[in-house]
Amino acid sequence: MIAPSVTPYGTLPPASPVATRKPISLPRLNEMRERGEKITMLTAYDATFAAVADAAGVECILVGDSLGMVCQGLSSTVGVSLDTMRYHTESVARGVRRVQGTSWIIGDLPFGSYQASREQALHSATVLMQAGAHMVKLEGGGWTTETVRFLVERGIPVCAHLGLTPQTVHALGGYRVQGRGDTAEKLRHEALALQDAGASMLVLEMVPAALSAELTLALTRCHTIGIGAGHGTAGQVLVMHDMLGINLGKNPKFVRNFMVGQGSVLEAMSAYVRAVKDGSFPDNTLHAW
């Protein structure tokens with residue numbers, strides 16, 4: 001019988017995956033996919049919430065540029081600076097080291113920090129890796145493919161991001177579903193190109209569930225992480241404030257408030273992990289698009 005895991009933030013239930021979890025790495029993520037185990041990811045922006053997420057068994061913590069909206073009160077992610085991302089990445093890394101020290105940390109490259117050149121992208125990625133990130137994330141396909149290749153060749157793991165890309169939300173015409181109709185083939189092509197360039201993870205945001213599932217099967221060397229993209233992806237990610245029901249706006253319809261019925265943030269995050277692992281979250285009927 002597995003004993004409960006006690007942390008400074010509460011006691012985890014006996015069934016928590018943290019009890020026997022080893023530090024997350026790309027080989028361990030590959031092992032999870034091979035055995036059909038879903039990957040869990042949440043955003044975090046400070047040491048305390050990062051420590052709680054790590055203690056709850058969240059495999060990947062994304063230091064997202066969504067902090068511009070949920071922490072800074074901006075109307076979009078466009079105003080977030082590289083220095084802000086460095087600060088929050090350092091904070092998250094300290095928090096993860098304080099408790100279990102097992103979560104994989106992904107740092108968002110903010111708008112304007114990688115578009116100018118591959119060398120600019122390398123500089124920005126270096127800043128976040130030195131701050132404690134294990135991987136960096138950038139948005140978009142097409143022109144980003146060679147940037148991804150350039151970074152991976154220099155030993156920097158990369159997470160790509162297709163579908164709804166918040167940094168270019170104005171060009172996309174707002175927060176709307178991507179990958180319908182004629183644009184589906186373009187998204188398929190970009191996803192395969194990003195895998196070939198060396199991206200080892202790919203966030204699919206607000207993409208039709210059927211297309212996300214298809215891409216997950218096609219991308220044998222790249223883990224798909226869905227957000228509003230159905231349950232056919234290799235893993236799921238949510239903005240932490242959304243899944244705790246404490247954001248400043250209206251939750252997207254694909255988000256579940258995991259604080260409901262729970263006594264603490266730790267329990268809510270543990271419930272999220274269990275729901276992703278057992279397939280009860282997400283519900284495909286909410287985003288069949």
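Guide: Helices (H or I, at least four residues) and strands (E, at least two) are DSSP runs numbered from the N terminus. The model is predicted, so that local features need pLDDT of at least 70, side-chain atom pairs count only at pLDDT 80 or more, and totals for chains, interfaces and linings use all residues. Residues are numbered from 1 along each chain as its sequence is written, and side-chain values use heavy atoms, leaving out hydrogens and water.

Visitor: In what order do the eight strands close into a barrel?
Guide: The pairing around the barrel is parallel, strands being paired if DSSP finds at least two bridges between them.

Visitor: At what angle to β3 does helix α11 run?
Guide: Helix α11 (residues 265-278) lies across both β3 and β10, contact meaning heavy atoms within 4.5 Å. With axes fitted to C-alpha atoms (for helices over the stretch in contact) and angles running from 0 to 180 degrees between N-to-C directions, α11 runs to β3 at about 145°.

Visitor: How many residues in the contact of α2 with α4 are charged?
Guide: The axes of α2 (residues 47-55) and α4 (residues 82-98) come within 7 Å and cross at roughly 45°. The contact is made by Ala47, Ala50, Ala51 and Asp54 of α2, together with Ser91, Val92, Gly95 and Val96 of α4. Counting Ala, Val, Leu, Ile, Met, Phe, Trp, Tyr, Cys and Pro as nonpolar, Asp, Glu, Lys and Arg as charged, and the others, Gly among them, as polar, these residues divide into five nonpolar, two polar and, as charged, one.
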